[in-house]
Amino acid sequence: PPKAYMVLNSLPGEEAQVDFGYIGTIKLKNGKRKKAWVFVIELSYSRYMYVQIVFDQSVITFLDCHKKAFKYFGGVPKTIKLDNLKAAILEADFYEPTIQRNYAAFAAHYGFLPEPCRVYTPTDKGKVESNIKYVKNNCFRERDFKDIDEAKDFLSEWLKTIANVRIHGTTKKVPAEVFEEIERKEPIMPPKEESSE
């Protein structure tokens with residue numbers, strides 16, 4: 001029999017879901033090709049998302065992607081639901097996961113709660129899982145960019161003119177409109193300014 005899944009709803013500014021998705025290889029400026037991933041973070045209420053191309057899944061890259069996403073959103077969600085990525089979770093455990101030290105300090109600094117999903121349970125963050133497929137199939141499928149700059153420019157334009165302004169398949173609403181009209185006004189915390197020291 002088919003499995004039944006419950007739709008998990010969130011309040012505005014309450015939750016974001018994050019993950020990486022492999023997109024193949026992209027040319028660098030020197031002409032060589034390198035394996036690339038997309039970092040995708042989606043606000044669970046509005047389904048508004050930020051996407052960034054990366055060449056690794058290191059802790060430094062992961063934190064940098066979060067910072068850019070917070071700037072893009074103009075705030076920080078209360079919780080971030082994530083897979084058991086090595087950049088964030090050292091030991092997966094349903095009751096007491098071991099959070100990577102730098103990610104824990106980063107979360108404390110920005111004031112959000114990291115919420116790891118259960119092991120082998122992608123449905124715990126089904127919203128971002130679905131969007132990773134959407135990004136891969138709609139933005140990157142069968143496209144060969146001249147270089148990384150062209151890929152980044154295309155992705156940025158695609159987010160503004162297609163992804164965040166389409167009628168979402170589940171909510172039947174436009175993510176950018178819901179974000180601007182409701183979620184941006186909710187208590188989504190402003191990102192902290194970085195110290196210049």
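E1 and E4 run parallel and are joined by four bridges; here two strands count as paired if DSSP finds at least two bridges between them. Helices (H or I, at least four residues) and strands (E, at least two) are DSSP runs, numbered from the N terminus. Residues are numbered from 1 along each chain as its sequence is written, and side-chain values use heavy atoms, with hydrogens and water left out. In this predicted model, local features need pLDDT of at least 70 and side-chain atom pairs count only at pLDDT 80 or more, while totals for chains, interfaces and linings use all residues.

With E2, strand E1 runs antiparallel, and 11 bridges join the two. Thr25 has Lys35 in E2 as its bridge partner. Five residues lie between the strands in this hairpin, where Gly31 takes a positive phi near 90°. E1 is mostly covered, with 10 of its 13 residues buried, where buried means under 20% relative accessible area, exposed over 50%, and partly exposed in between (1.4 Å probe, protein chains only).

E4 and E7 run parallel and are joined by four bridges, and Leu82 stands opposite Pro116 in E7.

The buried residues of H4 are Ile148, Ala151, Leu155, Trp158 and Leu159. Because these cover an arc of only 100° around the axis, they sit on the same side of H4, the arc being that of the directions from the helix axis to the C-beta atoms. Asp153 and Lys160, on the other side of H4, are exposed.

Next comes the packing. A nonpolar core is a set of buried Ala, Val, Leu, Ile, Met, Phe, Trp, Tyr and Cys residues joined through side-chain atoms within 4.5 Å. The largest such core has 28 residues, and those with the most contacts inside it are Phe39, Ile41, Phe73, Ile80, Tyr103 and Phe112. Elements that each supply at least two residues of this core include strand E1 (15–27), strand E2 (33–43), helix H1 (59–73) and helix H5 (175–181). The largest share, seven residues, comes from H1. Apart from this core lies another, of 20 residues, among them Val40, Ile132, Val135 and Ala151. Phe39 touches residues including Val18, Phe20, Tyr50, Phe62 and Ala69, not counting residues up to four places away in sequence; contact means heavy atoms within 4.5 Å.

Two loop residues other than glycine have positive phi values. Arg47, in the loop between E2 and E3, has a phi of about 70° and is buried, with a relative accessible area of 7%. Lys172, in the loop between H4 and H5, has a phi near 65° and counts as exposed at 58% relative accessibility.
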